[in-house]
Amino acid sequence: MRSWLGFLILLLLLARAISLPAQKAEGPVAAIRSGEIWPDTDGNHINAHGGGVLYHEGKYYWFGEHKTAGRGGNSTLFGVGCYSSGDLYNWQNEGIVLKVVDDETSEIVKGCVIERPKVVYNAKTRKFVMWFHLELKGKGYEAARTGVAISDSPTGPFTYLTSYRPNAGDWPINVPVSLKDKKVDETKLEWWTKPWTKEVEEGLLLRRDLKEGQMARDMTVFVDDDGKAYHIHSAEENLTLHISELSDDYLSFTGKYSVLAPAGHNEAPAICKRNGKYYMITSGCTGWDPNAARSFVAASVMGPWKPLGNPCVGEGAELTFESQSTFLLPVQGKKDAYIFMADRWRPKNPIDGRYVWLPLEFEGEKPVLRWQDEWSLEVFDKKQKSEASLK
Ligand code: GAL
């Protein structure tokens with residue numbers, strides 16, 4: 001009996017050791033160490049995956065998926081987490097700011113899937129608006145919706161408003177209108193073959209989803225200098241990115257949108273604006289497994305976007321240093337300073353997912369990412385100094 005009890009306790013301890021990332025309580029840090037445990041100010045590994053960062057009144061707010069331990073840990077059992085920081089190294093846990101609910105009739109019932117939450121501030125309405133990829137409970141990834149929530153404060157509570165299949169009834173501005181009525185005999189088309197992909201480029205899936213609205217899976221939201229906001233999402237079975245204009249209050253879609261890289265299979269969009277140009281970093285489409293990142297540049301957010309290839313260089317470049325993009329974070333008070341934020345997913349134990357944060361460099365108009373074991377924001381000052389001395 002006793003030995004059984006001992007065995008059971010040993011098993012429990014083992015299970016706990018596997019499910020929890022090693023935690024170490026540390027004092028304040030001034031370095032970014034990608035791929036490592038990143039303790040918050042309480043000493044717990046930060047739990048904000050697929051995240052994005054908002055800067056507001058002197059503070060950064062990092063929003064992300066709050067994952068749990070073990071194989072079901074990717075479905076949303078708590079909600080969207082938020083951390084705040086003044087220096088981008090030390091993050092204080094602000095708790096769950098959008099909570100899933102027990103009500104089975106709600107779209108955000110416990111057990112749904114909330115991914116890649118992004119929060120923006122609307123200066124006109126003075127509201128914080130959160131958008132996220134929403135999958136309905138028990139339906140896998142078939143819903144492909146985007147949800148929106150609102151709050152008076154960055155640290156919540158956020159109130160869930162609704163979800164969309166964007167742009168129902170509307171045709172993208174950069175696809176010939178003549179294709180809207182193209183007739184295709186689909187019985188002769190096999191999915192994922194070349195002729196099928198060609199038809200996707202020519203609007204096959206746009207037409208399929210025209211009435212009910214376009215799919216919205218991996219996503220981000222971007223606010224331009226003129227206050228207009230754009231929702232960028234993987235649509236058309238993750239084959240094509242859609243860039244959709246949001247209404248003035250950021251709570252709905254205007255119906256104006258463009259396509260980026262039709263049938264190019266881009267996910268995990270992250271965007272920034274630098275010297276009047278827009279830069280996008282995306283991934284390919286291999287689920288939780290990493291693949292090679294892609295980059296694009298454009299003079300207008302609606303495109304046309306020019307592909308610039310894999311921004312990563314050096315060892316690990318082919319797998320984006322074992323990560324997948326989630327956000328390009330502009331560092332305040334520094335010129336040309338952007339952080340590439342990415343996730344190293346751990347699907348078997350999602351809570352243990354790691355963060356890859358790297359300084360985004362530019363060589364001419366090409367964004368470049370190099371692995372760094374450890375770095376600090378001073379790299380941006382050094383870069384500026386060396387550029388100044390060259391002038
Ligand atoms: C990835 C995507 C993640 C998540 C995952 C599910 O491709 O970027 O956000 O949706 O697939 O397998």
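Predicted model: local features only at pLDDT ≥ 70, side-chain atom pairs only at ≥ 80, totals over all residues.
Strand β11 covers residues 240-246. Seven of its seven residues are buried, so the strand is largely enclosed by the rest of the structure. In a regular strand, side chains alternate between the two faces of the sheet. Here, T240, H242, S244 and L246 point one way from β11, while L241, I243 and E245 point the other way. The residues on both sides are buried.

Which strands flank β11 in the pairing? On one side we have β10, residues 229-235, which runs antiparallel to β11 and is joined to it by six bridges. Within this pairing, S234 has L241 of β11 as its bridge partner. The two strands form a hairpin with four residues between them, and E236, in the turn, has a positive phi of about 45 degrees.

The second pairing is with β12, residues 253-260, again antiparallel, through five bridges.

I turn now to D218. Where does D218 lie? Its place is in the loop between α3 and β9, the helix spanning 204-208 and the strand 219-223. Is D218 buried or exposed? With a relative accessible area of 7%, D218 is below the 20% cut-off, and therefore counts as buried. Its side chain makes a polar contact of 3.3 Å with the side chain of R116. Setting aside neighbours within four places in sequence, the contacts of D218 include E115, H133, E267 and Q324.

Finally, the ligand. Which residues surround the ligand? They are E115, R116, Y141, D218, E267, G287, W288 and Q324. This shell divides into two nonpolar, two polar and four charged residues. An oxygen atom of the ligand lies 2.6 Å from a polar side-chain atom of E115. For R116, an N or O atom of the side chain is 2.9 Å from a ligand oxygen atom. G287 takes part through its backbone, with a polar atom 3.2 Å from an oxygen atom of the ligand. Taken alone, the ligand exposes 310 Å², and the protein buries 88% of that.

Technical notes. Residues numbered from 1 in each chain as written. Heavy atoms only, no water. Buried < 20%, exposed > 50% of the residue type's maximum accessible area, 1.4 Å probe, protein only. Pairing = 2+ DSSP bridges. Polar contact = N/O pair within 3.5 Å; in protein donor to acceptor, adjacent residues only side chain to side chain. Contact = heavy atoms within 4.5 Å. Near = heavy atom within 4 Å. Areas by Shrake-Rupley, 256 points an atom, 1.4 Å probe, with all protein chains shown as cover. Nonpolar A, V, L, I, M, F, W, Y, C, P; charged D, E, K, R; others polar.
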